[in-house]
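Hi,

Here is the structure I said I would pass on. Have a look at it first, and my notes come after.

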Amino acid sequence: MITLSCEEVRREISNYLDDDMSPRMRRLLEVHLEQCRKCAVLLDSTHNVLVLLADEHRFELPAGFSLRMRHMLAKEFEKAKS
Amino acid sequence: MQNTLVRESENDRILEGERELIAEILAGNHERYYELIAPIERRVYYTAYAILRTEADAEEVSQEAILKAFRGLRTFRGEAKFSSWLLSIVGNEARMRLRRRREVSLELLKSSDNEGEYTPIELAEWREIPVEALAQKELAARLEEALAALPEIYREVLILRDIDELSIAETSAALEITVPAVKTRLLRARLMVRDYFVSRSWARHTGLRKAQP
């Protein structure tokens, strides 16, 4: 069976997190991850940092953003009518 | 396969709905433009924010882009989603403003675009990072530092994809770079942000920096 090198796995980590790869590649990668502690930790820690980052940034729009946008558009619609 | 088909027909339905809505707006029912904008205004704002990094500029650019899209609605082809089109306008406007603000040419930004192989820091365990030991505030500061430490081209792509949750295609439209370029930068950005976070958390926690190989 063909196996992947650590370097090849590293190159695919981002695609793996995005679930953006062929089922065959996914299988190869998972076989490698089961056997290689180093790559498994790399995947885990990258994933975890991204989750933390997304959690920290549950951004809200600035207060009044939508309202100001609607005002701006309402003026534009007025102009478009005349 | 099944899933892909379902997703495609869903996509067609969205496109169809958008086309009808746009036809109505163009026929003079302008108020319905709000309906077109409402579901994506957050993503519009954060696309601008990812590039500009200040609230006031991001809001202004969002408004300008939304206005520009309204004025140019007749030129929208309807082959792609309206959101992708609008996000590419926002991305453009934001980059233009950034260029003016910093007087840095786009060429210069692009030339710092070193996208070669990247070697991440090795850890024995995720547990080595003392996340639990960090107070919530400290954790947030650490993450913010890591994000700020990234070179611009990587920070943009990371914010759009992993914080704003734009799709790869939308990120590509917003930044006007190819899909493969998005993927290459994203891999690098993700590994880098992890490394910054890991090394800084470590250094703060133990008072030591990890030895460089």
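This is a predicted model: local features need pLDDT of at least 70, side-chain atom pairs count only at pLDDT 80 or more; totals for chains, interfaces and linings use all residues.

Residues are numbered from 1 along each chain as its sequence is written, chains are lettered from A and ligands numbered from 1 in the order in which they are written, and side-chain values use heavy atoms, with hydrogens and water left out.

**The interface**

Chain B puts 49 residues into the contact and chain A puts in 41 (contact means heavy atoms within 4.5 Å). The area buried between the two is about 4,400 Å², and carbon and sulfur atoms give 64% of that; buried area here is the accessible area (1.4 Å probe) that two parts lose on being put together, summed over both.

The rule finds five salt bridges across the interface of chain B and chain A, counting a side-chain nitrogen of Lys or Arg within 4 Å of a carboxyl oxygen of Asp or Glu. A:E76 and B:R71 form a salt bridge through their side chains, at 2.8 Å from N to O.

On the chain B side, α2 (33-37), α3 (41-52), α4 (55-71), α7 (136-149), α8 (152-163) and α10 (179-206) each supply at least two of the residues that touch chain A. Helices (H or I, at least four residues) and strands (E, at least two) are DSSP runs, numbered from the N terminus. That side of chain B divides into 28 nonpolar, five polar and 16 charged residues, with Ala, Val, Leu, Ile, Met, Phe, Trp, Tyr, Cys and Pro as nonpolar, Asp, Glu, Lys and Arg as charged, and the others, Gly among them, as polar.

**Aromatic pairs**

Over all chains there are 11 aromatic pairs. The rings are those of Phe, Tyr and Trp (its six-membered ring), with centres within 6.5 Å; planes under 30 degrees apart are stacked, over 60 edge-to-face and the rest tilted. A:F77 and B:Y34 have ring centres 5.6 Å apart and planes at 65 degrees, so they are edge-to-face. Since A:F77 sits in helix α4 (residues 65-81) of chain A and B:Y34 in helix α2 of chain B, this pair joins two chains. Both A:F77 and B:Y34 are buried (buried is under 20% relative accessible area, exposed over 50%, partly exposed in between; 1.4 Å probe, protein chains only).

B:F76 and B:F82 are edge-to-face as well, at 5.8 Å centre to centre and 90 degrees between the planes, and both are buried. One aromatic cluster takes in A:F77, B:Y33, B:Y34, B:F70, B:F76, B:F82 and B:W85.

**A buried arginine**

B:R155, in helix α8 of chain B, is buried, with a relative accessible area of 10%. A polar atom of its side chain lies 3.2 Å from the backbone oxygen of B:A148, and one lies 3.3 Å from that of B:L150.

**Chain A**

Chain A has four helices and zero strands. Of its 82 residues, 46% are buried.

Cheers

Technical notes. A polar contact is a pair of N or O atoms within 3.5 Å; within protein, one must be able to donate a hydrogen and the other to accept it, and residues adjacent in sequence count only if both atoms are side-chain atoms.
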